[in-house]
Amino acid sequence: MAETYDFPSDLLAGQEELHQVRAELLALLKRLPWSVEPMEGISDAHGWRKVELPASPGWSADEQAEVEKLRQRERELAVFVTCHRFWAEVTGAERVDARMRLKHVREVDGEEPSS
């Protein structure tokens, strides 16, 4: 049975911003060197899989600050979304369903025509 939920606008906005912050953080981490501190390259063929990493120049102070800023905002938004007063209105298994629907509401909105 497909239940629909009337999510408050601030909860929807918080979830959307959480998606955006996580995407921005992931993109930043993919661009940065693999090590925060400068490190020599690694080559290890003796484990269960071969590991090869080039030398890492480390992250600059600005890069470290940007990662910390995004992680802090991600934590704030995660607390806001998970502790929102809306969840007190939904009980038991419905809460799990509602949470999953909130996480994917922008995908559903993109697929269904507006009424």
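Trainee: Which side chains meet in a salt bridge of 2.9 Å, N to O?
Mentor: Those of glutamate 17 and arginine 73 do. Bear in mind that we are looking at a predicted model.

Trainee: Okay! Where do glutamate 17 and arginine 73 lie?
Mentor: Glutamate 17 is in helix H1 and arginine 73 is in helix H2, so this pair ties together parts that are 56 residues apart in sequence.

Trainee: And how accessible are glutamate 17 and arginine 73?
Mentor: Glutamate 17 has a relative accessible area of 28%, so it is partly exposed. Arginine 73 is partly exposed too, at 31%.

Trainee: Which residues are linked with them in a network?
Mentor: Glu76 joins in: salt bridges link Glu17, Arg73 and Glu76 in a network.

Trainee: How many salt bridges does the structure hold?
Mentor: There are 9 salt bridges. Among them is one between the side chains of glutamate 66 and lysine 69, at 3.9 Å from N to O.

Trainee: How far apart are glutamate 66 and lysine 69 in helix H2?
Mentor: They are 3 residues apart, which means about one helical turn separates them. Glutamate 66 is partly exposed at 26% relative accessibility, while lysine 69 is exposed at 53%. The cut-off for exposed is over 50% relative accessible area.

Trainee: What does glutamate 68 form a salt bridge with?
Mentor: Its partner is arginine 75, and their closest N and O atoms are 3.0 Å apart. Glutamate 68 counts as partly exposed at 42% relative accessibility, and arginine 75 is partly exposed at 40%.

Trainee: Switching topic: is histidine 84 buried or exposed?
Mentor: Histidine 84 is buried, because its relative accessibility is 6% and the cut-off for buried is under 20%. You can find histidine 84 in the loop between helix H2 (61-82) and helix H3 (92-103).

Trainee: What does histidine 84 touch, leaving out residues up to four places away in sequence?
Mentor: Histidine 84 touches Pro8, Asp10 and Leu11. With aspartate 10 there is also a polar contact of 3.1 Å between the two side chains.

Trainee: Last one! Which residues form a nonpolar patch on the surface?
Mentor: That would be Trp34, Met39, Ile42 and Leu53, which together have about 320 Å² of accessible area.

Trainee: Where is methionine 39 found?
Mentor: Look in the loop between helix H1 (9-31) and strand S1 (42-44). Methionine 39 counts as partly exposed, with 40% relative accessibility.

Technical notes
Residues numbered from 1 in each chain as written. Predicted model: local features only at pLDDT ≥ 70, side-chain atom pairs only at ≥ 80, totals over all residues. Heavy atoms only, no water. Patch = residues over 30% accessible without salt bridge, like charges linked within 9 Å, V, L, I, M, F, W, Y side chains within 5 Å. Areas by Shrake-Rupley, 256 points an atom, 1.4 Å probe, with all protein chains shown as cover. Salt bridge = Lys/Arg side-chain N within 4 Å of Asp/Glu carboxyl O. Helix = DSSP H or I, 4+ residues; strand = E, 2+ residues; numbered from the N terminus. Buried < 20%, exposed > 50% of the residue type's maximum accessible area, 1.4 Å probe, protein only. Polar contact = N/O pair within 3.5 Å; in protein donor to acceptor, adjacent residues only side chain to side chain. Contact = heavy atoms within 4.5 Å.
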